[in-house]
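Hi,

Here is the structure I said I would pass on.

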Amino acid sequence: MRPDDLPDAEGIVDLREVAERLIAEARTDDKGRSSVTAVHGDRLRTTVIALNAGTGMGEHNSPAAATLQVVAGRVRVYAGERAWEVSHGQLMDVPDERHGVDALEDSVLLLTVAIG
């Protein structure tokens, strides 16, 4: 999916449509994932991420302020000795430390990051 496919003429992103397309792309990706930046403004960036079950994003640094919402599926977010299972419809504050994400099911995530 290309970022210029988003948003529509009215500035609205259909998350259901984006999720379906990204999951289909993730199924053909060697790493089992696909993503697209849905909103990118001066103060906020929102990325939709699809992960196949059994894949994930290894440990990485945390942005200054971010939330992670599970649009579909179920993931495990881990940071150090702590871990959280986050399911469809749930939202969490991204830990302010190195962390990773494992998809326990085919999943679609909405990552919103404060810019600046």
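**Helix 1 and its cap**

Asp14 caps the N-terminal end of helix 1, with a side-chain oxygen 3.1 Å from the backbone nitrogen of Arg16. That is a polar contact, meaning a pair of N or O atoms within 3.5 Å; within protein, one must be able to donate a hydrogen and the other to accept it, and residues adjacent in sequence count only if both atoms are side-chain atoms.

Before I go on, this is a predicted model: local features need pLDDT of at least 70, side-chain atom pairs count only at pLDDT 80 or more, and totals for chains, interfaces and linings use all residues. Residues are numbered from 1 along each chain as its sequence is written, and side-chain values use heavy atoms, with hydrogens and water left out. Helices (H or I, at least four residues) and strands (E, at least two) are DSSP runs, numbered from the N terminus.

Back to helix 1: its 14 residues reach 20 Å from first C-alpha to last, close to the 20 Å expected at 1.5 Å a residue (the expected span being 1.5 Å times one less than the number of residues). Val18, Ala19, Leu22, Ile23 and Ala26 are buried in this helix. They cover an arc of only 130 degrees around the axis, so they sit on the same side of helix 1. The arc is taken from the directions from the helix axis to the C-beta atoms. As for cut-offs, buried means under 20% relative accessible area, exposed over 50%, and partly exposed in between (1.4 Å probe, protein chains only).

What do the buried residues of helix 1 pack against? Their partners are strand 1 (33–40), strand 2 (44–51) and strand 9, where contact means heavy atoms within 4.5 Å. The face turned away from the buried side carries the exposed residues Arg16, Glu20, Arg27 and Thr28.

**Salt bridges**

I count eight salt bridges in the structure, each a side-chain nitrogen of Lys or Arg within 4 Å of a carboxyl oxygen of Asp or Glu. One of them takes us back to Arg27, whose side chain meets that of Asp106 at 3.0 Å, N to O. This pair links distant parts of the chain, 79 residues apart: Arg27 is in helix 1, and Asp106 is in the loop between strand 8 (99–103) and strand 9 (107–114). Arg27 is exposed at 54% relative accessible area, whereas Asp106 is partly exposed at 32%.

Arg98 and Glu59 form another, with the closest N and O atoms 3.8 Å apart. Here too distant parts are linked, 39 residues apart: Arg98 is in the loop between strand 7 (91–93) and strand 8, and Glu59 is in strand 3 (residues 56–60). Both are partly exposed, Arg98 at 41% and Glu59 at 44%.

Then there is Glu85 with Arg74, at 2.9 Å, N to O. Glu85 lies in strand 6 (residues 82–87) and Arg74 in strand 5 (residues 74–79), so the pair ties together parts 11 residues apart in sequence. Arg74 is partly exposed at 25%, and a network of salt bridges links Arg74, Glu85 and Glu105.

**Around strand 5**

Strand 5 and strand 6 pair in the antiparallel sense over six bridges; two strands pair if DSSP finds at least two bridges between them. Arg74 has Ser87 as its bridge partner in strand 6. The hairpin has two residues between the strands, and Gly80 takes a positive phi near 60 degrees there. Strand 5 is also joined to strand 8, antiparallel, by four bridges, and Val75 stands opposite Ala103 in strand 8.

Cheers
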